[in-house]
Each structure stands twice: as structure tokens, then as C-alpha cells.
Amino acid sequence: MAPMVEAQDVHKSFGTTEVLCGVDMVVQPGEVACVIGPSGSGKSTFLRCVNHLERINSGTMRVDGELIGYREANGKLYELRESEIARQRRHIGMVFQRFHLFPHMTAAENVMEGPRTVRRKSRGACRDQATALLDRVGLADKRDAYPNQLSGGQQQRVAIARALAMEPRLMLFDEPTSALDPELVGEVLDVMRGLARDGMTMLVVTHEMGFAREVGDTLVFMDGGRIVESGHPREVLANPREERTKAFLSKVL
Amino acid sequence: MVAEQTDAGPAPPIKAVPVRHPGRWVGVAVIVVLVAMLVHSFLTNPNFQWDVVGEYLFSDPVLRGLRNTLILTVLAMAIGVVGGVLLAVMRLSPNPVLAGAAAVYIWLFRGTPVITQLIFWNFLAALYPRLGLGIPFGPTFVSVDTNTVISVFAASLLGLGLNEAAYMAEIVRGGIQSVDPGQSEAAGALGLSRTQTLRRIVLPQAMRVIVPPTGNETISMLKTTSLVVVIAYFELTVAVQTIYSRTFQTIPLLIVAALWYLALTSVLSVGQMFIERRFGRGFAIGDR
């Protein structure tokens with residue numbers, strides 16, 4: 001079976017600033033990989049390269065064996081059209097730090113938007129699916145609420161349901177709890193824990209060391225656009241090999 | 001706000017002497033007197049000639065002018081809104097030629113007077129006596145006399161509509177740019193195409209910002225249509241001008257036109273309120 005995510009020597013610059021300087025990463029199906037690191041280490045940028053929200057400058061990015069953003073033929077790379085990139089993204093769910101729910105739609109409409117507009121499924125089927133998904137994230141009673149009527153934790157759970165509605169093979173989480181009040185972090189982590197238990201492949205950029213230790217299969221520490229160290233979360237957190245990892249962990253733990 | 005509820009029932013409301021505002025009462029008195037004087041003069045000053053106003057308010061030429069004002073406003077705004085959305089999307093396109101073309105259009109049409117544009121369209125035949133369809137720089141298959149296609153009405157519509165499109169383009173662009181870029185990212189991450197993102201996610205949110213200035217534009221258009229007098233077309237203002245130039249009852253006839261403009265503006269304002277409510281869903285502050 002092909003790895004779910006396979007990044008090889010990924011480089012990314014914004015102007016003259018190099019943000020990713022050769023990142024290699026493999027995430028197997030069913031694996032939960034957590035990425036930690038100081039701000040500016042490139043961890044969020046790397047995540048955004050996985051679904052081509054950012055275009056990489058060199059290296060390759062494959063999801064489920066498929067090259068992202070390009071097509072390879074006759075030994076040449078062809079850029080994919082907008083619609084083909086959109087097609088690749090259908091299988092990759094993404095959850096943002098600042099939720100980015102659609103404010104003009106209710107919770108249920110947010111969840112229905114992908115299946116309805118992209119997959120053109122019937123209204124009834126989408127509504128049933130939205131009800132089931134909102135129930136799964138514990139928000140069955142909030143289906144008709146608009147995002148501004150929900151707390152941050154509730155909004156993030158709707159955002160997770162919205163991503164799940166496309167039945168993704170991979171879920172990307174970009175600091176999903178960093179914009180939340182401390183007492184709301186738990187409810188979002190609970191939902192993510194449930195997802196991991198159900199076998200979802202997850203790539204999680206996070207500052208929640210507890211979550212990484214408990215749920216993660218792999219912990220990756222990034223700094224300065226490079227992967228400094230990776231391994232089993234308990235191992236890395238308890239006995240970091242690298243000085244930089246030690247220094248970082250001593251500040252956050 | 002959280003109200004602490006105790007078993008003893010709600011606490012009794014505060015009884016206190018409210019702050020007095022004598023200044024406000026003076027202001028109210030002044031306004032009441034001024035309004036009374038104004039109403040009194042409206043009713044008693046014979047120079048207003050209310051009988052003449054009544055005589056012409058529903059007269060045939062005024063109603064025909066009114067009809068033209070309405071038709072021109074609705075159609076010119078339709079051209080303006082559709083053209084404006086198109087130009088705004090072009091202006092925001094990553095392709096520099098499309099963006100540049102839109103920028104030049106907006107520059108040209110905002111930068112020249114509407115009167116000039118109206119006269120230009122009316123005299124198009126002087127520049128291009130015949131309009132034809134064919135292969136660029138090649139043979140022409142069909143062609144017609146420009147003057148038969150560009151009637152005074154068509155020239156009015158082109159002049160007003162194409163000018164409006166330039167202004168609407170900037171209003172729409174402002175609306176689109178007011179939407180958080182995270183919204184487009186979230187839609188893209190779900191697998192929506194750029195067009196779907198624009199139609200389903202960005203424009204509905206941009207509407208909140210687009211509608212109020214568009215209301216302004218529509219009300220302004222209602223009155224700008226009177227410029228068609230320069231190409232010998234007519235609408236409400238031209239209709240009353242024609243009458244008072246003959247009868248010299250200038251003031252009552254201007255009141256006739258003003259009353260109709262006020263009536264139309266009132267209807268438009270109510271319509272705008274409903275549209276704003278429709279697109280304000282999910283944004284109201286008191287929602288929680």
C-alpha cells in the first residue's frame with residue numbers, strides 16, 4: 001500500500017525567504033502524525049503544501065500515491081488545472097486554526113456545502129449526512145445555528161464535520177485548538193481522538209503535547225524549515241536526542 | 001450578559017431619578033415650531049400652487065416621463081451590475097491582460113463625463129456609419145446602418161449603463177476584497193472550484209458590502225437619467241421642464257417631479273432594507 005503522505009525534499013520560499021528547506025515525511029494510512037515546533041518553523045506551511053494551498057518550489061509531494069499539483073508524463077511535469085487540483089483536494093480534509101466556517105450558512109449548510117456543490121449529491125442525502133456528522137461531533141442540536149451563534153469550540157467541531165462530509169482519506173489539522181479559550185480545547189481534542197480511533201489518517205500541526213503523546217503515532221519536531229527529529233511521541237517527548245528539541249520542549253512542557 | 005438567578009427570585013429593579021436633559025427639550029421645541037411654520041406656509045402660501053401640482057401629478061406627459069425614468073433606471077442598472085461584476089472579476093484576475101483591460105475600461109468610463117458618453121453613443125454613426133458582423137480584418141457577412149440600431153433610447157441605455165458598470169465594478173471589487181481570504185481557502189480545501197467559490201462563498205458575503213452603495217447608485221441613477229435630454233430623449237425631469245417652459249408654472253411642476261422622485265426613492269429604500277436583511281444573515285450583532 002502506498003503511503004498516505006509522501007513528501008520528498010520539499011522546498012518552499014516566499015520571495016527570498018526559504019520557509020521549507022528540504023522536508024521528507026511519510027505518513028502511513030491510519031497513522032496519526034503530529035508536527036510540533038516554534039512559530040516560523042514552517043510546520044503550517046508544510047501542511048498547506050500537502051493540499052497545494054501553497055505551491056512547492058522543488059521536491060515532490062504525493063498523497064495516496066498521487067502527485068499533488070502536477071501530472072507526470074513522458075518524463076515531464078505538467079501543472080494541473082484548477083479543476084484537477086480541486087478534484088485532488090476532495091480527498092483531503094482540512095481544519096484551520098481560525099475555523100473559516102462560512103458565516104452566511106447555518107451549521108448544517110456548512111457541512112452540506114461540499115457534498116452538495118462539489119459532489120452534486122441530492123439535498124435529502126446531504127441533509128441526512130449533515131445530521132449524522134453533526135451528531136458525531138456532538139452538535140446535533142445546533143444544526144440551524146449560524147457560526148456567530150456558536151462558541152469557538154463548537155465552530156471548530158462544525159468545521160471538522162464539514163471536512164468529514166467529503167469522506168476524506170486524509171485529514172489535515174492546522175493548529176486546530178490554538179484560537180480557542182482553554183476550557184474549549186478539550187471538546188475539540190475529544191472529537192479528534194474519536195477520529196483517530198476510527199482509523200482516520202491525520203496530520204496534525206499542534207501545540208497540544210498531551211494530545212500528541214496520547215493519540216499520536218509519530219511526533220515530528222520542525223525548526224528552521226527542517227525536520228530536526230521524529231519518532232514515537234513518548235520517546236521524543238521523554239528522551240529527545242537533539243539539543244534543539246530539548247530546548248524547545250523545556251519551554252513548552 | 002449573564003444574569004445571576006437566585007432562589008429568592010429576581011432582585012428588585014433599581015428605582016432612581018433619571019438624568020434630566022433640558023437641552024434636548026429646548027431642541028425639540030425649536031424643531032416643532034420650525035416644522036409647524038413650514039407646514040403652515042406649505043398650506044397657506046398660494047405661490048406653491050398646489051392645485052397645479054394636483055393637475056399635473058398624474059397627467060399623461062408626466063406619467064410617460066415617469067415610465068421612461070423607470071425603464072432607463074432599471075435597464076441601465078442591470079447593465080451596470082452585470083457589467084460591474086464581470087469587470088470586477090476581470091480586474092482581480094491573475095491574468096495581467098484581463099486585469100489591465102478592466103482597469104483601462106474603468107479609467108476611461110469613470111474619467112469622462114456621462115453627458116459626453118451619451119452624446120458619443122448618439123453620434124456613433126458619425127464615426128461608424130455601418131455596424132457589421134464578420135471576421136476581424138476579414139470579410140463582413142452582415143451589416144446595418146448604425147442609426148437604425150442605435151436609437152435615442154439605445155444610446156441612452158448604452159451611455160448610462162456602460163458608465164454605471166465602471167462605478168459598479170469598483171463597488172463589487174471592494175465587496176469581494178472585503179471577504180476574508182480564509183473563506184476562499186476553506187472553500188478550495190473542500191474541493192470547490194474558483195467559480196463555485198466565487199458564486200457560493202465569496203459573492204454572498206460580499207453582497208453585504210455591495211448592497212448599500214448599490215442602493216446609492218440606483219437612487220442616483222434615477223435622477224441621472226434626466227441627462228438624456230442632451231440627446232433629445234425624455235423622462236420625468238424633461239417632461240416637467242417641457243411643460244413649465246410653456247406654462248411658466250416652474251415651481252409646482254418641479255414639485256411634481258420631486259414628489260415622484262421621493263416616492264420612487266422610498267420604494268427603493270424599502271427594497272434595499274429587505275435585500276440587506278437577506279444578506280445580513282449570520283452577521284447580525286444581536287444574534288447570540
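1. **Aromatic cluster in chain B.** F42(B), F48(B) and W50(B) are joined into a cluster by ring pairs. A pair here means rings of Phe, Tyr or Trp (its six-membered ring) with centres within 6.5 Å; planes under 30 degrees apart count as stacked, over 60 as edge-to-face and the rest as tilted. A pair of aromatic rings is described by the distance of the centres and the angle of the planes. Over all chains, the count comes to nine aromatic pairs. In one of them, the rings of F42(B) and F48(B) have centres 5.1 Å apart and planes at 80 degrees, so this pair is edge-to-face. F42(B) has a relative accessible area of 34%, which makes it partly exposed. The scale is this: buried is under 20% relative accessible area, exposed is over 50%, and partly exposed lies in between (1.4 Å probe, protein chains only).

2. **What kind of model this is.** This is a predicted model: local features need pLDDT of at least 70, side-chain atom pairs count only at pLDDT 80 or more, and totals for chains, interfaces and linings use all residues. Residues are numbered from 1 along each chain as its sequence is written, chains are lettered from A and ligands numbered from 1 in the order in which they are written, and side-chain values use heavy atoms, with hydrogens and water left out.

3. **A ring pair across the sequence.** F153(B) and Y233(B) form a tilted aromatic pair, with 5.9 Å from centre to centre and 55 degrees between the planes. The pair links distant parts of the chain, 80 residues apart. F153(B) sits in helix 8 (residues 152-178) of chain B, and Y233(B) in the loop between helix 10 and helix 11 (236-247) of chain B. Helices (H or I, at least four residues) and strands (E, at least two) are DSSP runs, numbered from the N terminus. Y233(B) is buried, at 16%.

4. **N163(B) in helix 8.** Look along helix 8 of chain B and you reach N163(B). N163(B) is buried, with a relative accessible area of 6%. Its side chain makes a polar contact of 3.4 Å with the side chain of Q117(B). A polar contact is a pair of N or O atoms within 3.5 Å; within protein, one must be able to donate a hydrogen and the other to accept it, and residues adjacent in sequence count only if both atoms are side-chain atoms. Leaving aside neighbours within four places in sequence, N163(B) is in contact (heavy atoms within 4.5 Å) with F109(B), T112(B), V114(B), Q117(B) and L158(B).

5. **E55(B) and L253(B).** E55(B) belongs to helix 2 (residues 50-57) of chain B. E55(B) is exposed, at 52% relative accessible area. In sequence, E55(B) and L253(B) are 198 residues apart; in space, their C-alpha atoms are 9.8 Å apart.

6. **The interface.** How many residues does each chain bring to the contact? Chain B gives 23 and chain A gives 29. The area buried between them is about 2,300 Å², and carbon and sulfur atoms give 56% of it. Buried area is the accessible area (1.4 Å probe) that two parts lose on being put together, summed over both. E185(B), A189(B) and L190(B) supply 26% of the area that chain B buries against chain A, more than any other three residues.

7. Two salt bridges cross between chain B and chain A. A salt bridge is a side-chain nitrogen of Lys or Arg within 4 Å of a carboxyl oxygen of Asp or Glu. R200(B) forms one with E113(A), and their closest N and O atoms are 2.6 Å apart. On the side of chain B that touches chain A, helix 9 (181-190) and helix 10 (194-224) are the elements that give two or more residues. Helix 9 gives the most, with eight residues.

8. **Chain A.** Helix 1 (residues 43-50) of chain A has eight of its eight residues buried, so it is largely enclosed by the rest of the structure. Just after helix 1, H52(A) takes a positive phi of about 65 degrees. F99(A), not a glycine, has a positive phi of about 60 degrees. F99(A) is buried, at 8% relative accessible area.
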